[in-house]
Amino acid sequence: MKILPPTLRESKRYIAFSLSSEDEISRRDLVNELNFAGATLVGDVGSSEMGMRLLAFNERRGIVQCAANKVWETRGVMASLSSVKNVRVRMKILGISGTVRAATKNYLLIKDIKQVELEKKRTAELDKCEFFIANRAISGKVIRKENNEIDILPESPQYEEKLNNSGTRYFGMTVFDL
Amino acid sequence: MGVIKQSRFYDLNIHPLPDCAGSPARLVLEARDMGYSGICLTSFNSDNTFFEHDIPLPPFNDFEIYTGIEIQVERVAKLTKEVNRLRGRADIIIIGGGNEDINRASAENGKVDILAHPAAHGKPLNHVLAKAAADNGVAVDFNMDALIMQRGGSRIKVLTAMRQNLMLARKYTVPMVITSNARSHYDLRGPREMMALAMFLGMTQDEARNALSKVPKGIIKRNTDSNRIMEGVEVAK
């Protein structure tokens, strides 16, 4: 069968995104959740018009394809994603391009440059940390450390309620709070 | 898209750690990373209020941090009392609405800056409240966490109410703000994502952009300008 000539194909856009999550997310779960988010927010008709497809995904970053005239809707659907299989996630859209190559080159291959320099080089390689927030000490187990960001699991049970309220598993901290 | 690139975006309702899960420094870093020009850290409890010098971060030239209080009360008499007590303490006073009496009391109180999540229980504002809010300069908040966190019936209710609020806000030119009402850094969304979500409510792109940039900027300026004495009275130089 002959493929459709380029002039007759629908025009597309490629959205590069990064994903921060509490735990590792598999590609299949993310696709399911994106489709579900689209179906609940804009319905089947809207989803079909958007033509959203997850092209590449490597646990942290990826590319979503969508119709060129439905970029804002696709953004909205991607933003309405809050959790995948009870793991909190957040999608940050890095940029939009007309080709996969440009999206990859301009948004995905750039190194993660955190503009805040580590002026105080404090190491948090310990298993346990103590933080001071508003003159209150919070101590807990370090779950993950990445650049300046630290996720901790607080020890004392009084914080459990706060975690439940916020719908997260860990407290988000930075090395500056140490 | 040049207009969006030039705008400075603000998110005026973000809850940091003593109440919720996310240290102020983390929220500031994440918000800055997403493209905001400033945020307002609001606490529920007035004893937990943060000030910029409390946050252990190197100073940023291009990022503004404001402090706010979200007052959550049940009774109207207490609301007035709390507003008068806390007005001088924080930059921005936000009322956690939803209840019809509280919505009305805050729309009629000129000292209130923002009426947050007025449609939380799925009940929209009415023409009387919209008119009062416009007269007193109280901004009506469209909280996007309702769209992000909820699914199904409850989201439909909130969306319907928000649509009604938008219609009233347009008719009576009530200032509109879009906030994330974030309780952790997973709830934060970039300015354009917030605009995209707001456009699902029927806002135009310009309205959404103003609700994230121009209106919050006006609220901040009104509260931090030392030359301003009260509504319509300013020290001229």
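Me: For chain A, what share of the contacts with a separation of 6 or more comes from residues 24 or more positions apart?
Reply: That share is 57%, where a contact means C-beta atoms, placed from the backbone, within 7 Å. This is a predicted model, so to speak: local features need pLDDT of at least 70, side-chain atom pairs count only at pLDDT 80 or more, and totals for chains, interfaces and linings use all residues. Residues are numbered from 1 along each chain as its sequence is written, while chains are lettered from A and ligands numbered from 1 in the order in which they are written.

Me: How many helices and strands in chain A?
Reply: Five helices and nine strands, taken as DSSP runs numbered from the N terminus (helices H or I, at least four residues; strands E, at least two).

Me: Which strand does strand 1 of chain A join?
Reply: Strand 1 (residues 12–21) runs antiparallel to strand 5 (residues 87–97), with eight bridges; pairing takes at least two DSSP bridges. A:Ser21 sits opposite A:Val89 there.

Me: And how many bridges between strand 4 and strand 5 of chain A?
Reply: Two, again antiparallel, with strand 4 covering residues 83–84. A:Ser83 has A:Arg88 as its bridge partner. In that hairpin two residues lie between the strands, and A:Lys85 has a positive phi near 50°.

Technical notes:
Contact = placed C-beta atoms within 7 Å.
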